[in-house]
Amino acid sequence: MIVTNAKKAVTNCTICRRVRVFLERKRKVTVYLASPRDVFKYFLREDPGLSEEGRGGIMRPFYEDKQDKFQCSVVKDLTFPAHLHSAVELIFLLEGSLEVTVQGQTRRLGQNEAALVFPEMVHSYQATGSSRAVLCIFAPAQVKEYYHQFRDRQPQCPFLSCGRDNPDIPAAFEHLLCYAEEPGPVRIAWLNLILAYLAGEMMLLPRDGPDKADVGYQLVSYISQHFREPLTLDFLAGELHFNKYYISRVFTGKLHCGFYEYVNRLRADYAARQLRDTDLCITQVWQEAGFESQKTFNRIFRACYQMTPSRYRKG
């Protein structure tokens, strides 16, 4: 069965013989040293808090609320505008470089470097050339040993370079990818193992909470929830009580794109996921995504993905 094979993989792969696992106990951090086999047995304990729905599920868009979903895949030349959600987002560079911004901190990640984005943190990606990366998005509840850290704390720096010096980390991501589509505790065990490695490099601070007074945060938060609805600058200005010209300047200065470009990028990404993961006809897809016409949808989709929606679905 899967568990048997996974245990054998843990024993035989390049994962080092001892790993630090950080668990929060009564607001104190306890360090446990264990072999990979012991770590695996620990995380494979039956967890009634993880429903079958929470363990499984298809790939979802970046911006959708991800309270009970898990997704992990390889992405190429990733570019995506500022967004936020209630899930944890982990990206690990396999090759090339990628510019990542998290809460105003920007770094160009290189091979075997990672970024860990805590819930409700505004983040974006900008391709700086050819790149391949593992992108993993999951609910904090799926890794119960780290739940309070993700909810109550925040990293001083979200960027991690330990994968450059430790070959076990890239190997662990490879195993996570192997089990990404398998519902159940095996993939959660690999994810916990990766987080245990990364925790050694992270300094956590008390959580400040999202800066809801920040205009950029308000814009991203509102549009993330309403992009499938008819949206205009005038309407957004009325809802958030800002001048529409001021909003336009915020998009250009902080989000580095125009208002309509931003909204259409979210809609196109949503449509792409629907084309790949559902059997909805193309008309239903563009209507559900919030586009006003198929002509506009085709133009925006081709600009984002360099192909037509029908070809994207076939590919």
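How many helices and strands are there in the protein?

1. The protein has 13 helices and 11 strands; helices (H or I, at least four residues) and strands (E, at least two) are DSSP runs, numbered from the N terminus. The structure is a predicted model, in which local features need pLDDT of at least 70, side-chain atom pairs count only at pLDDT 80 or more, and totals for chains, interfaces and linings use all residues. Residues are numbered from 1 along each chain as its sequence is written, and side-chain values use heavy atoms, with hydrogens and water left out.

2. Of the 315 residues of the protein, 51% are buried, that is, under 20% relative accessible area with a 1.4 Å probe and protein chains only. A contact means heavy atoms within 4.5 Å. Among contacts between residues at least 6 apart in sequence, 69% join residues at least 24 apart.

3. Helix α8 spans residues 233-240, and its buried residues are L233, L236, A237 and L240. These residues cover an arc of only 100 degrees around the axis, which puts them on the same side of α8; the arc is that of the directions from the helix axis to the C-beta atoms. Their cover includes α7 (215-226), α9 (244-255) and α10 (259-277). After α8 comes H241, with a positive phi near 65 degrees.

4. The largest pocket holds about 1,400 Å³ of space. On a 1 Å grid over the protein atoms alone, a pocket is an open set of points with protein on both sides within 12 Å along at least five of seven lines, whereas a cavity is a set of points where a 1.4 Å probe fits but cannot get out; lining residues have an atom within 4 Å of a point. Grid points are joined across faces, edges and corners, and a volume is the space filled by probe spheres set on the points.

5. The lining of this pocket has 50 residues, of which T79, F80, P81, Y125 and R265 lie nearest its centre. Elements that give two or more residues to the lining include β4 (80-83), β8 (123-138) and α12 (294-305). The largest share, 8 residues, comes from α10. By class, the lining has 25 nonpolar, 14 polar and 11 charged residues.

6. The count comes to 1 cavity of 30 Å³ or more. The residues that line the largest cavity include F92, N112, C162 and L198. This lining divides into 7 nonpolar, 3 polar and no charged residues.

Notes. Buried < 20%, exposed > 50% of the residue type's maximum accessible area, 1.4 Å probe, protein only. Nonpolar A, V, L, I, M, F, W, Y, C, P; charged D, E, K, R; others polar.
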